[in-house]
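Visitor: I have a model to go through. Can you walk me through the contacts and helix packing, briefly?

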Amino acid sequence: IQAIINNIHLDSLVKTVEEISGEVPVIIHGLTHTITSRSYSEPGNELAFQYLKSRFQDIGYEVDSQKYSSTGKNLWAIKLGVKNPKRVVVLGAHYDSKPFGGSAPGADDNGSGIAAVIETARVLKDIDLDYTIILALWDEEELGLNGSKAYAPSVQSDNDTLIGYINLDMIAWDSDNDNSIEVQLKPVAQSIDLLENVIYCNNEFQIGMSLKIINPAGNDSDYASFWSNNLSAIGINEEYSDDFNPYWHTSEDKLKYFNLDYFFKSTQLTIATLIKTASLESTSVDIAD
């Protein structure tokens, strides 16, 4: 795990945020576009879908998608496990943005989560994991978690077993430099095991985040779609409670306001936790409330 998280590149994370939030143009199917908004009703939402699909494919992944309504479409990449491929771990982030009208760059919400998912795909491309991982990007979270609600009921089809879902929704704002990061939790299924993996990885690999456990969490991001289907899930996100991003859901949600060191560490913690969860070996730790 240490070797893999050492391979995470901040410039790679930043490049994805620049492209998905319209800081720089992108090439999609041979044409140049600038994604100024990923709102569900804007052309940029479909452009973002096509851009992210090509990113997965360029890295070398098999890609699948789910069109669940006239406007909504989920996307995911699949990496089969080598020892028990029927056991599945999902890492997800929503790719739509707000506000619904005008410019909606959504750099932190949720370009930061998107970038971490894409970087996960890159660093794990040639790594064998025991369990299958699915790297998912949900649409229409801003409309009421529509994308993840459409996906979650079917995640255990074909006799697959979901070990857990890890949700990323805003992981780059830390204005007071305290490295505080929230883990959203509810005592549903084996969600506590996912929390234990976060704690273990933060300590074992000296990532340096200050974990703030929110239990019980609210239902304001895509982890709630999994809990409502009695599935194990957690959310990893910046400090919503005491250091909230004031540019959230505005045209000023831009890369220039990121705490880049925090963004990098958040991604390290996420990827380490994913690998730990997708491995046969288990670890128990004591949790003091």
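Visitor: Which residues do ring pairs link into a cluster?

Guide: The cluster linked by ring pairs holds Trp76, Trp138, Tyr151, Tyr165 and Phe226. Rings of Phe, Tyr and Trp (its six-membered ring) pair if their centres lie within 6.5 Å; planes under 30 degrees apart count as stacked, over 60 as edge-to-face and the rest as tilted.

Visitor: What are the ground rules for the values?

Guide: The model is predicted, so local features need pLDDT of at least 70 and side-chain atom pairs count only at pLDDT 80 or more, while totals for chains, interfaces and linings use all residues. Residues are numbered from 1 along each chain as its sequence is written, and side-chain values use heavy atoms, with hydrogens and water left out.

Visitor: How many aromatic pairs does the structure hold?

Guide: There are 14 aromatic pairs. One of them is Phe49 with Tyr95: the ring centres are 6.5 Å apart and the planes at 50°, so this pair is tilted.

Visitor: Where do Phe49 and Tyr95 sit in the chain?

Guide: Phe49 is in helix H3, and Tyr95 is in the loop between strand S5 (84-94) and helix H4 (107-124), 46 residues apart. Helices (H or I, at least four residues) and strands (E, at least two) are DSSP runs, numbered from the N terminus.

Visitor: Phe49, buried or exposed?

Guide: Phe49 counts as buried at 4% relative accessibility, and Tyr95 is buried with a relative accessible area of 1%. Buried means under 20% relative accessible area, exposed over 50%, partly exposed in between (1.4 Å probe, protein chains only).

Visitor: And what about Trp76 and Tyr151?

Guide: Their ring centres are 5.1 Å apart with planes at 65°, so the pair is edge-to-face. Trp76 belongs to strand S4 (residues 73-79) and Tyr151 to helix H5 (residues 146-151), so the pair ties together parts 75 residues apart in sequence. Trp76 is buried at 9% relative accessibility, and Tyr151 is buried at 5%.

Visitor: Which lysine lies over the face of Phe49?

Guide: Lys73, at 4.2 Å from the ring centre. Lys276 lies over the face of Tyr200, at 4.4 Å from the ring centre. The criterion is NZ of Lys or CZ of Arg within 6 Å of the ring centre and within 35 degrees of the ring normal.

Visitor: Switching to helices. How do the axes of H2 and H3 cross?

Guide: The axes of H2 (residues 10-20) and H3 (residues 43-59) come within 11 Å and cross at roughly 155°. Axes are lines fitted to C-alpha atoms, for helices over the stretch in contact, and angles run from 0 to 180 degrees between N-to-C directions. H2 and H3 are therefore roughly antiparallel; angles under 35 degrees count as roughly parallel, over 145 as roughly antiparallel, 65 to 115 as roughly perpendicular and the rest as oblique.

Visitor: Which residues meet there?

Guide: From H2, Thr16, Glu19 and Ile20; from H3, Ala48, Tyr51, Leu52 and Arg55. Contact means heavy atoms within 4.5 Å.

Visitor: What else do the buried residues of H2 pack against?

Guide: Besides H3, they pack against strand S1 (26-28), H4 and helix H8 (260-277). Among the buried residues of H2 are Leu13, Val17 and Ile20.

Visitor: What does Ile114 touch?

Guide: Not counting residues up to four places away in sequence, Ile114 touches Thr16, Ile20, Arg38, Leu52, Ala93, His94, Tyr95 and Leu137. Ile114 is in helix H4 and is buried, with a relative accessible area of 0%.
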